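Here is a briefing on one protein model.

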Amino acid sequence: MTTDSVSAVFGALSDPTRLAIVERLLSEGERTAGEIAQPFAMTKPAISKHLKVLEDAGLIERRVDRQWRVCRARPEAIKAIDDWMKRYRSFWEASLDRLGELIEKQAKEADDV
């Protein structure tokens, strides 16, 4: 993933409403825009703006089915973020392991004095 696409995904998911929409679509599958809007106390245009941000970030896809706008999550976008995060997770785990070893070494040296 490029830095711009990673920023777009994290930016989109930083909003609690958009995060809830993606979580719902991942767990429940395709939903119409109206169904997505139901649990939120906001207007349909406001939900549409949230859906547009999610679509622009590549987190959802929208299609027209007769008169309905149907949305579905793109799990491959979530997988791409997970792959991106694995690199950093590995780095930080190794760094924390080295820090733990250093602290243990210094504690042992302090006990020996």
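Threonine 17 sits in helix α2; helices (H or I, at least four residues) and strands (E, at least two) are DSSP runs, numbered from the N terminus. The model is predicted: local features need pLDDT of at least 70, side-chain atom pairs count only at pLDDT 80 or more, and totals for chains, interfaces and linings use all residues. Residues are numbered from 1 along each chain as its sequence is written, and side-chain values use heavy atoms, with hydrogens and water left out.

**Threonine 17**
- Threonine 17 has a relative accessible area of 15%, so it is buried (buried means under 20% relative accessible area, exposed over 50%, partly exposed in between, with a 1.4 Å probe and protein chains only).
- Leaving aside neighbours within four places in sequence, threonine 17 is in contact with Phe40, Met42 and His50 (contact means heavy atoms within 4.5 Å).

**Helices α2 and α4**
- The α2 and α4 axes come within 10 Å and cross at roughly 70 degrees. Axes are lines fitted to C-alpha atoms, for helices over the stretch in contact, and angles run from 0 to 180 degrees between N-to-C directions.
- The two helices, α2 and α4, are therefore roughly perpendicular (angles under 35 degrees count as roughly parallel, over 145 as roughly antiparallel, 65 to 115 as roughly perpendicular and the rest as oblique).
- The crossing of α2 and α4 is right-handed. A crossing is left-handed if the near helix is turned anticlockwise from the far one by less than a right angle, and right-handed if clockwise.
- From α2, the contact takes Thr17, Arg18, Ile21 and Val22; from α4, it takes His50, Leu51, Val53 and Leu54.
- By class, the residues of this α2 and α4 contact are 5 nonpolar, 2 polar and 1 charged. Ala, Val, Leu, Ile, Met, Phe, Trp, Tyr, Cys and Pro count as nonpolar, Asp, Glu, Lys and Arg as charged, and the others, Gly among them, as polar.

**Helices α1 and α5**
- The axes of α1 and α5 cross at roughly 110 degrees and come within 11 Å. That makes α1 roughly perpendicular to α5.
- The α1 and α5 crossing is left-handed.
- Val6, Val9 and Phe10 of α1 meet Ile81, Trp84 and Met85 of α5. The contact of α1 with α5 has 6 nonpolar residues, no polar and no charged ones.

**Core and leucine 51**
- The largest nonpolar core has 19 residues (a nonpolar core is a set of buried Ala, Val, Leu, Ile, Met, Phe, Trp, Tyr and Cys residues joined through side-chain atoms within 4.5 Å). Ile21, Leu25, Ile36, Leu51, Leu54 and Leu59 have the most contacts inside this core.
- Two or more residues of this core come from each of α1 (3-13), α2 (16-28), α3 (33-37), α4 (44-56), β3 (68-73) and α5 (75-112).
- Leucine 51 belongs to helix α4. Leucine 51 counts as buried because its relative accessibility is 1%.
- Not counting residues up to four places away in sequence, leucine 51 touches Ile21, Ala33, Ile36, Ile60, Arg62 and Cys71.
- Leucine 51 and leucine 25 are 26 residues apart along the chain, and their C-alpha atoms are separated by 11 Å.

**Arginine 66**
- Arginine 66 lies in the loop between β2 (60-65) and β3. Arginine 66 is exposed, at 64% relative accessibility.
- Most residues other than glycine have a negative phi. Arginine 66, not a glycine, has a positive phi of about 60 degrees.
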